[in-house]
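Here is a friendly note to go with your first look at this model. Please keep the structure open while you read the points below.

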Amino acid sequence: ACPAGLNVQGYVQMVKQGKYREAIEIILRDLPFPGVLGRICPHRCEKSCRRLEVDEAISIRELKRVAADHVDLNELPVPEITPKKEKVAIIGAGPAGLTAAYFLALEGYPVSVYEAMPEAGGMMRYAIPEFRLPRRVLDAEIDNLKRFGIEIHTNTRLGTDVTIEELQEHGAKAIFLGTGAWKGLKTNIPGEDHPEGVLHVTRFLREVWMGDRKQVRGRVVVLGAGHSGMDAARVAIRLGADRVNMVEPFSVNEMAAEPEEKRVTEEEGAKIHFQALPKRVVIENDQVVGIECLRTRLTDPDTTGRRKFIPIEDTDFFVEADLVISSIGQEPDLDYLAPDSGVEVSKWNHVVVNP
């Protein structure tokens, strides 16, 4: 059930025997971030663990963390690599770009990574809070990649500091676009464009990490109870919010985050309103004062097992708020692509690639 295809049985057996280095070597065959994933992976594998037939699943994610915490990656030898001549440029030093760089470097390709932000890591650094992913863990695993000859150029934005054409002129035979999905989806409700009272979750978390937002005062409402929404709620509580409410149109059974995320978020003080849909942001005297919501009902599952939510008329209720954080999803921001770049964009605002 592992989306990354890890040899779970292999590294779990190594941890069982106390062979942490061997466990990490097995993990590194499939991904370069064992310590990161040992903390933030949604661990779908555990829902398919055969041990569930007896009592409960093996703690597969935590075992990855145990192995990673016992091993200094700098002490692992860099394998013999046969150099190739063809250069590759990677745009974006997030998990996708850095993973691509890792496997290309292992194949011998000279790889240069270009990152718009001051530091590498992408969403791992600028969207996942420190209490979930310590920066020392992320830094160590990014530093390890540099041992493979990977060059990372920060503060370099595609379309402004460098173009696809310039990369090709300087010898890039292939270009990997891994710029992430930083653009927040719109709720399309009245009042959501308030410049300071309504923030998208990626902006909120990025401002916190970069030190631009050191405190939160008053009442906060988070729209959406997925992983990012849970993170935003917990960060807001840590920064001093008086009260945090979350509005989620699905039921607890359909929510995107795991039950453990719900549990710790509620334990820290957030209240989650399930089957509730935002109707409008209420603004008085140019200040956000709350969210007007409707209750929802869920349809029967479709052929894929997914339900949809339908608002129920005349079920309005009001939640007070001084700050609204929207966490209903993201999409790529492709404004950096020049009209003549030759890159095709789909109707879903995704780059069209050869599979």
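1. A disulfide here is a pair of cysteine sulfur atoms within 2.5 Å. Cys41 is buried, at a relative accessible area of 18%; buried means under 20% relative accessible area, exposed over 50%, and partly exposed in between, with a 1.4 Å probe and protein chains only. For Cys2, the closest cysteine sulfur is again in Cys45, at 6.4 Å, too far for a bond. Cys2 counts as partly exposed, with 26% relative accessibility. The structure holds zero disulfides.

2. A word on how to read this: the model is predicted, so local features need pLDDT of at least 70 and side-chain atom pairs count only at pLDDT 80 or more, while totals for chains, interfaces and linings use all residues. Residues are numbered from 1 along each chain as its sequence is written, and side-chain values use heavy atoms, with hydrogens and water left out.

3. Now to the helices, starting with α1. How do α1 and α2 run relative to one another, parallel or antiparallel? Helix α2 covers residues 20–27, and its axis comes within 7 Å of that of α1, crossing at roughly 170°. That makes α1 roughly antiparallel to α2. (Angles under 35 degrees count as roughly parallel, over 145 as roughly antiparallel, 65 to 115 as roughly perpendicular and the rest as oblique; axes are lines fitted to C-alpha atoms, for helices over the stretch in contact, and angles run from 0 to 180 degrees between N-to-C directions.) Gly10, Tyr11, Met14 and Val15 of α1 meet Tyr20, Glu22, Ala23, Ile26 and Ile27 of α2, where contact means heavy atoms within 4.5 Å. By class, this contact has seven nonpolar residues, one polar and one charged.

4. Helix α1 (residues 8–16) also packs against helix α4 (residues 60–69), at an angle of about 55° and with the axes 10 Å apart. That makes α1 oblique to α4. On the α1 side are Val8, Tyr11, Val12 and Val15, and they meet Ile60, Leu63, Lys64, Val66 and Ala67 of α4. The residues divide into eight nonpolar, no polar and one charged.

5. Further along, helix α10 (residues 227–238) and helix α11 (residues 259–267) pack at about 20°, and their axes are 10 Å apart. That makes α10 roughly parallel to α11. His227, Met230, Ala233 and Arg234 of α10 make the contact with Glu261, Lys262, Val264 and Thr265 of α11. By class there are three nonpolar, two polar and three charged residues.

6. Two residues deserve a look for their backbone. Most residues other than glycine have a negative phi. His43, however, has a positive phi near 45°; His43 sits in the loop between α3 (34–40) and α4 and is buried at 9% relative accessible area. Asn285 has a positive phi of about 55°, in the loop between β10 (276–284) and β11. Is Asn285 buried or exposed? At 77% relative accessibility, Asn285 counts as exposed.

7. Last, please look at Glu292 in strand β11 (residues 287–298). Glu292 is buried, with a relative accessible area of 17%. Not counting residues up to four places away in sequence, Glu292 touches Leu277, Pro278, Lys279, Arg280, Val282, Asp316, Phe317 and Phe318.

Conventions
Helix = DSSP H or I, 4+ residues; strand = E, 2+ residues; numbered from the N terminus. Nonpolar A, V, L, I, M, F, W, Y, C, P; charged D, E, K, R; others polar.
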